Amino acid sequence: MAGRTILTRNAVINSTHTLIKCPEKYLLPSLEVSNLPSFVRMAYRRLFRLQSFISNRKMVRDTYGEYLRYKFKKENYDTKRSIVVGDTPKAPLREEIRNSVMFVVKAVSHLPETKDSKFAIARDNTTCRQVLKNLLTIEYEKQSLIARYRPPTKRRDMVGPYQIYRKDFTHMQELNKSAQWRVFGEFDICTVYLNEILQTRL
Amino acid sequence: MPMISDGFYKNLLINRVRHSTRVPILPRVPDLTTPLVTKFEKWSGKRRKLFFQNESQIHSYGIKDFELSNNLFAQLLSSPMRSERNCKTKMPKEFLMQLKLSSTQNNDSSKSLGLAPVVQHSKLNKNSYVVNSRDILSQQISSSTKWVPIAALTSQMRFFQMQDVAIDKSNFLNKYEEMLNSLLRDRLISASASKLEPQDGDVIVRFDKDGNRPIEIGQCKSIGNKEVKAILTNLKYIGPTWEQLINEHRNHEEGIVIRFSENEEAVKLLYKMLAYHYTH
């Protein structure tokens, strides 16, 4: 029946949404964690818990999971950052992690709004969701390019898309080499600028 | 035969039931403890969201407002995705150049349709999108027929052939540059009329001969030597003629200060201009 609301201990479920009431296990503790590696692991676990909130589609959830794994395990963010902003002083790592988790939480949060009561932060959250959605779309395009790539048998010196987009970031240095590099490069450069302003690490 | 009164049947049917309240007719339904009910959220199949009652509750968990409505990059990155026609990859449309297919106005042209870039995006007519880069477009201009909007080509409502579409290849980019130049000039002059003290996230338009990046995130001095984090843009990369404009219309010691939330159009045009001329 459309419009009927079901209440359980942890959630409110209506015809369109499942609203989870207890956000504690998705947020980082407010107290400072002295050990950095365990703090990073905490953030990783929380971001993975948020996976089911990202989308109802498995394809998008998988893209998000792959993206997290790449960000935490493989990416050399300092190289990527230095291409865009050079050697300028950067925000502390803890702050970046904290803000990044907050960004994803904001992207998946819901505030009950009516015509008369609007919340300013809800607009902010919508923008976060749109940015995250676009980020995952671009990630999906990159991932599928990497997955489709077959190295040519004759020319072994050819650089594959993984090397370009994930390791060397040549697409960010030579933007105008092709339309493909331009699209990914401009998006990545603007993401780094956004990170610089918000002190995040998307 | 004994007489049976009317009340007897009534007693049998109704009162007997009422007297026997100690033995319930229906078995009592036990409390539902099955996870199918108590954990309904796990399999409801609806979009999952974290629920916050109101603004104060969300703040109480330490979640802050990023003020993205005044953030150029967040607004660019959050615009809806469109497919880029050269590489067929999706990209937020604020990064792309919009091409419009419209019927040609002047009669001397033998072709009935024309494809031309526009500076300000709109939903009117059929559109397609290509990268906003002078270098790439000037290389790809020879294959510009593939930029014709697919929606128009596959439309059941009208029929045209590729030969009917006029693309002015020699002036394609020049016209765009002219439009962009004059519009940006206009908007910068009108934006410079209001005196703004720089705040976090504001855009400052400068002409810095020694600068080595078109866009930087840097510190800028506001009232009382307070440092704010601003987006510093350098028009050196567009052309030397812009120095005069900045010098004449500056509303701050650094250059022209524009706030995204107040003058969205000017900031987007500025980004478009810098991205168009970016050469690396």
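Between domain 1 and domain 2 of chain B, about 1,200 Å² is buried, and carbon and sulfur atoms give 61% of that area. Buried area here is the accessible area, with a 1.4 Å probe, that two parts lose on being put together, summed over both. On the domain 1 side, Phe73(B), Asn132(B) and Arg134(B) lose the most to domain 2, together 45% of what that side buries.

A word on the source. This is a predicted model: local features need pLDDT of at least 70, side-chain atom pairs count only at pLDDT 80 or more, and totals for chains, interfaces and linings use all residues. Residues are numbered from 1 along each chain as its sequence is written, chains are lettered from A and ligands numbered from 1 in the order written, and side-chain values use heavy atoms, with hydrogens and water left out.

Back to chain B. Domain 1 covers 73-169 and domain 2 covers 187-277; the bounds come from an automatic or database domain assignment. The domain centres, taken over C-alpha atoms, are 30 Å apart.

Next, a hairpin. Strands β9(B), residues 215-221, and β10(B), residues 227-234, run antiparallel and are joined by 7 bridges. Strands are DSSP runs of E, at least two residues; helices are runs of H or I, at least four; both are numbered from the N terminus. Two strands pair if DSSP finds at least two bridges between them. Glu216(B) has Leu232(B) in β10(B) as its bridge partner. There are 5 residues between the strands, and Gly224(B) takes a positive phi near 65°.

The largest pocket holds about 610 Å³. A pocket is an open set of points on a 1 Å grid over the protein atoms alone, with protein on both sides within 12 Å along at least five of seven lines; in a cavity, a 1.4 Å probe fits but cannot get out; lining residues have an atom within 4 Å of a point. The pocket has 23 lining residues, with Ile54(A), Ser55(A), Val60(A), Lys133(A) and Leu136(A) nearest its centre. α6(A) gives the most, 7 residues. β1 (47-51) of chain B also supplies at least two.

Last, the cavity. The whole structure has 1 of 30 Å³ or more. The largest cavity has a volume of about 110 Å³. Among its 16 lining residues, Tyr67(A), Lys80(A), Glu139(A), Lys142(A) and Asp188(A) lie nearest the centre. Again α6(A) gives the largest share, here 4 residues.

Definitions and conventions
Grid points are joined across faces, edges and corners, and a volume is the space filled by probe spheres set on the points.
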